[in-house]
Amino acid sequence: MILALASWFHRASWERIGNPFFLIPPLIAILIPVGLILKEPNLGTAMITVMLGGVIFFAAGVRWWMFGLVLLPVPFAARYVYHHLHDYQRARIDTFLSPRERPARRRL
């Protein structure tokens, strides 16, 4: 994925990177593996893949407002995705967000 995105952006001019329609194929190239990874289910690897794609977009010179456009629906999608996670995945997220409320570990 890294090499494919690097090749895609290497051939692009600054004006083409500014065109939102030019960014749809690389965005799909990121979302397809992320969808397959989430189906596995492996939330951590999917998040790392998304962040890696975002870093490549940033390094390619994608404008900030386009990042905002893509990130705008994230809170709404996160609510939907959270309710469809497995119980152990939700427990990991809850523990990460509020570590003081985690259940006490049992000592053997």
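Trainee: What makes a side chain count as positive or negative here, and how many of each does the protein chain have?

Mentor: Lys and Arg count as positive and Asp and Glu as negative, with His and the chain ends not counted; on that basis this predicted model has 12 positive and 5 negative side chains, and the centres of the two sets lie 4 Å apart.

Trainee: Why is the protein chain described as more spread out than a compact globule?

Mentor: Begin with the elements, which are 7 helices and 0 strands, giving the pattern α-α-α-α-α-α-α when read along the sequence. For 108 residues the globule rule gives 13 Å, whereas the radius of gyration of the protein chain is 17 Å, well over that value, so the chain is more spread out than a compact globule. Taken along the principal axes, the box filled by the C-alpha atoms is roughly 60 × 25 × 20 Å.

Trainee: How much of the chain counts as buried, and what part of its accessible surface belongs to carbon and sulfur atoms?

Mentor: Of the 108 residues, 21% count as buried, while the accessible surface comes to about 8,800 Å², with 69% of it belonging to carbon and sulfur atoms.

Trainee: Why is Ile-56 called buried?

Mentor: The cut-off for buried is under 20% relative accessible area, and Ile-56, at 15% relative accessibility, therefore counts as buried. This residue is found in helix H4, and, not counting residues up to four places away in sequence, Ile-56 touches Ile-2, Leu-5 and Phe-9.

Trainee: What makes a set of residues a nonpolar core, and which residues have the most contacts inside the largest one?

Mentor: The members must be buried residues of the nonpolar kinds, joined through side-chain atoms within 4.5 Å. The largest such core has 16 residues, and those with the most contacts inside it are Phe-9, Ile-17, Phe-22, Leu-23, Ile-30, Phe-57 and Val-62. Two or more residues each are given to this core by helix H1 (2-10), helix H3 (24-39), helix H4 (43-60) and helix H5 (64-71), and the largest share, 4 residues, comes from H4.

Trainee: Which residues is Ile-17 in contact with, leaving aside its neighbours within four places in sequence?

Mentor: Ile-17 is in contact with Phe-9, Ala-12, Phe-22, Leu-23, Ala-60, Gly-61, Val-62, Arg-63 and Met-66. Across the protein chain, among contacts between residues at least 6 apart in sequence, 54% join residues at least 24 apart.

How values were computed:
Residues numbered from 1 in each chain as written. Predicted model: local features only at pLDDT ≥ 70, side-chain atom pairs only at ≥ 80, totals over all residues. Heavy atoms only, no water. Rg over C-alpha atoms; globule rule 2.2 N^0.38 Å. Buried < 20%, exposed > 50% of the residue type's maximum accessible area, 1.4 Å probe, protein only. Contact = heavy atoms within 4.5 Å. Areas by Shrake-Rupley, 256 points an atom, 1.4 Å probe, with all protein chains shown as cover. Charge placed at Lys NZ, Arg CZ, Asp CG, Glu CD.
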